[in-house]
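Reader: Could you take me through a model feature by feature, giving the general idea and then the case at hand?

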Amino acid sequence: MSRPFRFGVSLLVSAPGDEWSAKCRRAEELGYDVILVPDHLGMVAPFPALVAAARATERPRLGTFVLNAGLWNPALLAREVATTDALTGGRLELGLGTGYVREEHDTAGLPFGSPGERVDHLRHTVEELERLLGDPEHLPRPVQRPGVPLLIGANGDRMLELTARHAAVAAFTGGRTGRRTGRLAPITAEDLDERVARYRELAADRAEPAELNLLIQMVVVTEDRAAAVRPFLEYVPHLTAGQVLDLPIFLTGTREQITEQLRAQRERYGFTYLTVLEPYMEAFAPVLRALRED
């Protein structure tokens, strides 16, 4: 039996208090289940933004999508997580990743490290958070028990192994990012098949299956799918137009076509938790409502 769909929106643009609250309320009105914030310099600070979102809304869960583990000390992060969970009434979902933009680390005066070192740091962070927040003597204490749900954004084998072992939500980007630029290079639908299959192998002995998340990069509601995809072909020269139209992270077509595409992707990959970016929050809402009936 497939899980029901769940929908998140990642809010990227900072705003004064009233505007931020109005944006969060709008996400709730549209039916989003989770309000998410990223962790990049030049964007909103994650934890105060989520506390403000909690004050403006009643229903949605609130999450980081995803924290750059290299910018955080585990003990200080445990304090932030526990405090935010308490201040949001137990609505927090913690998303973690390795980080992938060297310039952000340079600006913060923090080491970037090799890919392997970044995975090692994330593993240490996850294990320390489990130890600290699982200690009944730790102060402050999170509200949720047995703990704040953990999402890990992963693609490589070591990251998928870490996700299989620790995360309640396994998040896939449907792409690979450049080591310096952080620019997303989409992988084919077949490549994503292989990555999800690899995760399932690593997670085969889990007592409870994880929720599978996909980050949607673009939503274009149109009658002409071919015309919609044409401007983006120069950015993905390794893919044909047909392959781009088949990308799970790129949704284009009528509302009905997009709805059917996502139902098919749930059957193919198991993605039931879908995240869209703020610019597409309104455009995706009719699709959300249609899928809510599943």
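Predicted model: local features only at pLDDT ≥ 70, side-chain atom pairs only at ≥ 80, totals over all residues.

Reader: Let us begin with helices: what describes a pair of packed helices?

Author: Two packed helices are described by the angle between their axes together with the distance between those axes. Here, α2 and α3 pack with their axes 10 Å apart and at an angle of about 5 degrees; angles under 35 degrees count as roughly parallel, and α2 and α3 are therefore roughly parallel to each other.

Reader: Which residues of α2 and α3 make the contact?

Author: F47, L50 and V51 contribute from α2, while L77, E80, V81, T84 and L87 contribute from α3. By class, the residues of this contact divide into six nonpolar, one polar and one charged.

Reader: Where else do helix axes come within 10 Å?

Author: The axes of helix α5 (residues 115–133) and helix α6 (residues 157–166) come within 10 Å and cross at roughly 10 degrees, which makes α5 roughly parallel to α6. On the α5 side the contact is made by G116, V119, D120, L122, R123, V126, E127 and E130, and on the α6 side by R158, M159, L162, R165 and H166. The residues of the contact of α5 with α6 divide into five nonpolar, two polar and six charged.

Reader: Turning to strands, in what sense do β2 and β3 pair, and over how many bridges?

Author: Strand β2 (residues 34–37) and strand β3 (residues 61–64) pair in the parallel sense over four bridges, and V37 has T64 of β3 as its bridge partner.

Reader: Why is α2 described as largely enclosed by the rest of the structure?

Author: The reasoning rests on burial, for which the cut-off is under 20% relative accessible area: eight of the 11 residues of α2 are buried, so the helix is largely enclosed by the rest of the structure. The buried residues of α2 are P46, F47, A49, L50, V51, A53, A54 and A56, and they pack against α1 (17–30), β2, β3, β4 (67–68), α3 (74–87) and β5.

Reader: Finally, which residues does a cis peptide bond join, and where does P146 lie?

Author: Here the torsion to read is omega: a cis peptide bond joins F65 and V66, with omega about -15 degrees, and V66 lies in the loop between β3 and β4. The peptide bond from R145 to P146 is also cis, with omega near 15 degrees, and P146 lies in the loop between α5 and β6 (150–153).

Note on methods. Residues numbered from 1 in each chain as written. Heavy atoms only, no water. Axes fitted to C-alpha atoms, helices over the stretch in contact; angles between N-to-C directions. Helix = DSSP H or I, 4+ residues; strand = E, 2+ residues; numbered from the N terminus. Parallel < 35°, antiparallel > 145°, perpendicular 65-115°, else oblique. Contact = heavy atoms within 4.5 Å. Nonpolar A, V, L, I, M, F, W, Y, C, P; charged D, E, K, R; others polar. Pairing = 2+ DSSP bridges. Buried < 20%, exposed > 50% of the residue type's maximum accessible area, 1.4 Å probe, protein only.
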